[in-house]
Amino acid sequence: MQKEQNKAQTFTLSEEGIALIKKEMARYETKLSCLIPGLYQIQKEKGWISPEAVQWLSQQTGIPESHIQEVLMFYTLFNRKPVGKLHVQVCCNVSCFMQGGAELVKRICEAFQVKEGEVSTDGNWTVSRVECLGACDLAPAMQVNDQYLGKLKGERAIHVLRGLK
C-alpha cells in the first residue's frame with residue numbers, strides 16, 4: 001500500500017494543470033464534473049493516463065479510482081498506454097469500414113513500420129482502430145492527435161500523414 005502511495009506522490013502536473021483541475025472542481029456542484037477535463041489535462045501534459053495518474057487524480061479530487069477507471073474504459077479519446085507523437089486513430093465502424101477503413105489501418109502500419117496499437121521504434125507513430133469517430137461524412141475517417149482527416153485512401157493518406165510529421 002505504501003509503495004502505491006509513493007507512486008502517486010511522484011506523479012504531478014504543471015502548476016497550470018493543477019490550477020485547471022481545482023478550477024473545474026469549484027465550478028460545478030459535484031467534483032465528478034472535473035473528471036473529463038482533468039483526464040484530458042493529464043493526457044495533454046503526459047501523453048497518456050498512467051495508473052499513477054489515476055491514483056493522483058483520485059487523491060486530488062476524492063473521486064474513487066474505480067470510477068476514474070470506468071471513465072477511461074468508456075472513452076476511447078483517452079490513451080491508457082503510451083502512444084507515439086502522432087497517434088493515428090482510424091475509424092473502422094460501418095461507414096468507414098465500407099470505405100476501406102480496415103485496409104487503411106494495414107496500409108498505414110506498413111508505411112510507417114509499426115504494429116497496430118504499438119509505438120514505432122522512432123517514437124513518432126501509433127496506429128489504432130477505433131469504433132467510431134462520429135465523422136461518417138469523412139469516411140474513411142482518421143483522427144491524428146486532435147485533428148480530423150477524412151476521405152483519404154492509399155498513397156494519398158500516407159502522403160498527408162507524412163506531411164504532419
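This is a short tour of a predicted model, going from the whole chain to single residues.

**The whole chain**

Begin with everything shown as a cartoon. The protein chain has eight helices and four strands. Followed along the sequence, these elements come in the pattern α-α-α-α-α-β-α-α-β-β-β-α. Along the principal axes, the C-alpha atoms fill a box of roughly 50 × 35 × 25 Å. The protein chain has 165 residues, and 42% of them count as buried. If you display contacts with a separation of 6 or more, 61% of them are between residues 24 or more positions apart.

**Helices α3 and α5**

Select residues 35-46, which form helix α3, and residues 65-74, which form helix α5. How far apart are the axes of these two helices, and at what angle do they pack? The axes are 11 Å apart, and the angle is about 70 degrees. An angle of 65 to 115 degrees counts as roughly perpendicular, so α3 and α5 are roughly perpendicular to each other.

Now show side chains where the two helices meet. On the α3 side, select L35, I36 and L39; on the α5 side, select H67, I68, V71 and L72. Sorted by class, this contact of α3 with α5 has six nonpolar residues, one polar residue and no charged residues.

**Helices α4 and α5**

To see the contact, select V54, Q55, L57 and S58 in α4 together with E65, I68, Q69 and L72 in α5. By class, the contact of α4 with α5 has four nonpolar, three polar and one charged residues.

Stay on α4 and colour its buried residues: A53, V54, Q55, W56, L57, S58 and T61. Is Q60 exposed or partly exposed? Q60 counts as partly exposed because its relative accessibility is 35%. Draw a distance from Q60 to V130: the two are 70 residues apart in sequence, and their C-alpha atoms are 31 Å apart in space. Then step to G62, which follows α4 and has a positive phi, near 80 degrees.

**After helix α5**

Select Y75, in the loop between α5 and β1. With a relative accessibility of 32%, Y75 counts as partly exposed. A distance drawn between the C-alpha atoms of Y75 and I36 reads 9.5 Å, although these residues are 39 apart along the chain.

**The nonpolar cores**

Which residues have the most contacts inside the largest nonpolar core? They are V88, I108, F112, M142 and L161, in a core of 20 residues. Show the elements that each supply at least two residues of this core: β1 (86-91), α7 (101-111), β2 (125-130), β3 (142-144) and α8 (154-164). The largest share, five residues, comes from α7. In soluble globular proteins, nonpolar side chains tend to be buried together.

Centre the view on I108. Neighbours within four places in sequence aside, I108 is in contact with V88, V90, V127, M142, I158 and L161. Another core, of 18 residues, lies apart from the largest one; among its members are L13, I21, C34 and I63.

**Backbone details in the loops**

- Select Q113, in the loop between α7 and β2. Q113 is not a glycine, yet its phi is positive, about 50 degrees. The relative accessibility of Q113 is 69%, so Q113 counts as exposed.
- Select A139 and P140, which are joined by a cis peptide bond with an omega of about -5 degrees. P140 is in the loop between β2 and β3.
- Select K151, in the loop between β4 (147-149) and α8. K151 is another residue other than glycine with a positive phi, here near 55 degrees. The relative accessible area of K151 is 53%, and K151 is therefore exposed.

Definitions and conventions:
Residues are numbered from 1 along each chain as its sequence is written. Side-chain values use heavy atoms; hydrogens and water are left out. Axes are lines fitted to C-alpha atoms, for helices over the stretch in contact, and angles run from 0 to 180 degrees between N-to-C directions. Angles under 35 degrees count as roughly parallel, over 145 as roughly antiparallel, 65 to 115 as roughly perpendicular and the rest as oblique. Contact means heavy atoms within 4.5 Å. Ala, Val, Leu, Ile, Met, Phe, Trp, Tyr, Cys and Pro count as nonpolar, Asp, Glu, Lys and Arg as charged, and the others, Gly among them, as polar. A nonpolar core is a set of buried Ala, Val, Leu, Ile, Met, Phe, Trp, Tyr and Cys residues joined through side-chain atoms within 4.5 Å. Buried means under 20% relative accessible area, exposed over 50%, partly exposed in between (1.4 Å probe, protein chains only).
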